Amino acid sequence: MMMDICVSKERRAFMWTENVEQTEKAGQKLAEWLVKRGTFPAFVVLDGDLGTGKTVFARGMVRAIAPRSRVHSPTFTLVNEYRTGTLPVFHFDLYRIEEEEDLYAIGFDDYARQKALLILEWGSRAPGVIPPDAITVRIEKDPDRPDRRRITILQGGKPLHVDFGS
Ligand code: ADP
Ligand code: MG
């Protein structure tokens, strides 16, 4: 496949995707890399405006661990749980939270203690619950090309060089 980063063996901190499938694939690759790394809980914050592809990226991550899951933004429930894989995946969408308290009301502490993958759309809305070693995936639209996205992966504010293999 000609997905810039996801196929190259180079260690790249950002990538371009041209369609939904490539963004989903990028999410899958990041989750596979995290599983290989084996440090859990792992927190992945998805940053980007509405409609950039955060849920698409999350779907790829979820399916890497719990294949064939149906994945949609947990906009109203705050969290969806996927438990059919080798470890639980908790997918949050904090778009609608008003204060961090709301998260503790749904038992965030318990989620955050498990050997699990935690994906947080709009995680920057609750900075107090995000550990300093969280990974941030920033997704941006290309103003000139409607289906193009630039995806940057950071840890502690620095580019994270994920080896996406081939
Ligand atoms: P968010 O969760 O950031 O609000 P979604 O993942 O729900 O966004 O939606 C992304 C939208 O952008 C979808 O309608 C999808 O079809 C469209 N899209 C177009 N190009 C891409 C791309 N390269 N990657 C991801 N989504 C894309
Ligand atoms: Mg979403």
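A residue is counted as surrounding the ligand if its C-beta atom, placed from the backbone, lies within 6 Å of it. The legends below describe close-up views of a predicted model.

**Figure 1. Surroundings of ligand 1 in the predicted model.** The shell around ligand 1 comprises 17 residues. Thr23, Gly53, Lys54, Thr55 and Asp147 are the closest of them. By class, nine residues of the shell are polar, five are charged and three are nonpolar. At least two residues each come from helix α2 (20–37), helix α3 (54–65) and strand β7 (145–155). The largest contribution is that of α3, which supplies three residues.

**Figure 2. Confidence along the chain and the segment of residues 1–10.** The protein chain has an average pLDDT of 90, and 91% of the residues score at least 70. For residues 1–10, by contrast, the pLDDT is below 50. In the model this stretch has 17 contacts beyond near neighbours in sequence. Where pLDDT is low, the predicted coordinates should not be read in detail.

Figure 3. The C-alpha atoms of Phe14 and Arg138 are 9.2 Å apart, although 124 residues separate the two along the chain. Phe14 counts as partly exposed because 14 C-beta neighbours lie inside 10 Å, a number between the limits of 12 or fewer for exposed and 20 or more for buried.

**Figure 4. The cis peptide bond between Phe40 and Pro41.** The bond leading from Phe40 to Pro41 is cis, and its omega is near 5°. Pro41 is located in the loop that links α2 to β2 (42–47). Most peptide bonds, in general, are trans.

**Figure 5. Arg68, a non-glycine residue with positive phi.** The phi of Arg68 is about 65°. Most residues other than glycine have a negative phi. Arg68 lies in the loop between α3 and β3 (79–82).

**Figure 6. Trp122, with positive phi in a loop.** Trp122 is not a glycine, yet its phi is positive, at about 60°. The loop holding Trp122 runs between β5 (117–121) and β6 (135–142). Trp122 counts as buried because it has 20 C-beta neighbours inside 10 Å, where 20 or more are required.

Key. Residues numbered from 1 in each chain as written. Chains lettered and ligands numbered in written order. Predicted model: local features only at pLDDT ≥ 70, side-chain atom pairs only at ≥ 80, totals over all residues. pLDDT = per-residue confidence, 0-100. Contact = placed C-beta atoms within 7 Å. Helix = DSSP H or I, 4+ residues; strand = E, 2+ residues; numbered from the N terminus. Nonpolar A, V, L, I, M, F, W, Y, C, P; charged D, E, K, R; others polar.
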